[in-house]
Amino acid sequence: MHFNLVFEGGGAKGMVFVGAMQEFERRGHTYGRLLGTSAGAITAALLAADFSATEMMEQVNEKLPDGSPRFSTFMDVADAIADQDWENSVLFKLFQQIDWPFIPEAAERRMDDRVFNQFMKLKVYRLIFTFLELGGLYAGDAFLAWLREKLDMNGRNLGRATLAEFYEHTGKDLSVVASNTTNGDILVLNHRTAPKCPAAWAVRMSMSIPFIWREVRWKGDWGLYDGRDITNHAIVDGGLNSNFPIRLLISRSPDVTDVMGPHDGAFALGMLIDETLPVPNAPALRQHKEVDPKSPMAIPNLPIVRRVSNLVNTMTNAHDKTVIEAYKDGVCRLPAQGYGTTEFDMSDERVTALVNAGQQTMSNFFNNFDLRK
């Protein structure tokens with residue numbers, strides 16, 4: 001059959017989609033429109049760039065020279081803080097109010113900058129600064145570089161393509177969901193609504209889980225969104241508005257067709273990450289080890305990071321139950337119990353169990369789906 005596909009957000013749990021797509025391909029099905037939020041946006045973008053399930057599995061298994069998963073680099077602390085971010089920060093204003101003893105007023109600004117620069121040499125202080133001032137613990141630069149690299153692989157040359165160029169070169173109707181926290185709007189980013197927005201940046205915005213990754217400010221050269229100027233608006237993870245945006249593929253209401261175009265009649269298949277369903281043969285989650293506080297590996301073990309990660313895991317477990325219940329025959333619930341949204345350093349054994357669970361669940365879904373049809 002020919003399907004339109006929608007993928008839910010879920011951070012590292014999105015690796016389950018690889019197994020689901022392995023079964024999808026094995027059965028010879030094809031897809032047209034691709035839609036996703038956060039981790040689902042990543043999957044949708046790779047499929048739109050003609051990645052096979054095998055190629056996606058290769059990326060999941062990619063390792064660094066020390067043997068750790070490359071995905072673990074997505075939790076990247078900023079290498080530096082831009083002068084503009086420092087000068088616009090609350091911390092800078094507080095520094096300005098400090099009266100340094102015996103320091104002439106004219107020299108106090110230089111003193112403030114010198115003290116700030118000393119603080120920013122420490123990774124933990126850069127992490128705290130970006131969390132307090134820029135909306136997230138991590139920079140997101142490593143993810144953006146990774147995605148651009150993948151979209152350029154094997155002559156694809158899509159790493160810096162706009163959404164309009166992406167559609168022109170692939171012919172795939174890709175949409176990703178993000179949230180505009182400046183005015184509270186949902187953003188459906190595709191070649192219709194934001195043709196000048198780079199596709200890689202659209203996915204980067206969609207996966208920007210609040211408090212985890214730095215928010216993205218819409219750039220003027222990305223043009224208008226659906227006819228509106230949103231330059232400098234703060235954009236974050238689409239899960240705040242719609243973590244499982246299947247309504248965008250099944251509704252014929254004007255607010256949907258305005259951003260998605262006319263309904264094409266294809267059956268919409270939703271892939272939902274269900275944290276209540278156990279993953280067979282999944283090894284236990286690795287416990288955090290005590291490490292030297294000065295070590296770069298200490299960052300993920302900071303209490304603030306653990307608290308935020310737990311908050312995000314709880315927040316992203318909520319689903320649009322009304323739509324799911326109304327369209328339950330078109331939703332494949334993929335197991336992810338015990339897996340974390342920010343578990344990008346999961347062991348090979350846990351990856352294998354999650355992918356295998358996705359493949360087996362999709363197989364069971366299609367067995368029942370085919371009987372109904």
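A search of the whole structure, which is a predicted model, finds zero disulfides, a disulfide being a pair of cysteine sulfur atoms within 2.5 Å. Cysteine 197 has 0% relative accessibility and therefore counts as buried, the term buried meaning under 20% relative accessible area with a 1.4 Å probe and protein chains only. Cysteine 332, with a relative accessible area of 1%, is buried as well.

Cysteine 332 lies in strand β10, where methionine 271 stands opposite this residue. Strand β10 (residues 331-335) is mostly covered, since four of its five residues are buried, and five bridges join β10 to strand β9 (residues 267-274), the two running parallel. Strands are DSSP runs of E with at least two residues, helices are runs of H or I with at least four, and both are numbered from the N terminus.

The second largest pocket has a volume of about 580 Å³, a volume being the space filled by probe spheres set on grid points that are joined across faces, edges and corners. Of the 18 residues that line this pocket, Asp85, Leu134, Glu215, Val216 and Arg217 are the closest to its centre. A pocket is an open set of points on a 1 Å grid over the protein atoms alone, where a 1.4 Å probe fits, with protein on both sides within 12 Å along at least five of seven lines, and lining residues have an atom within 4 Å of a point. Two or more lining residues come from each of α4 (83-87), α7 (123-134), α10 (199-206) and β7 (216-217).

Residues are numbered from 1 along each chain as its sequence is written. Local features need pLDDT of at least 70 and side-chain atom pairs 80 or more, whereas totals for chains, interfaces and linings use all residues, and side-chain values use heavy atoms, with hydrogens and water left out.

Definitions and conventions:
Buried < 20%, exposed > 50% of the residue type's maximum accessible area, 1.4 Å probe, protein only. Pairing = 2+ DSSP bridges.
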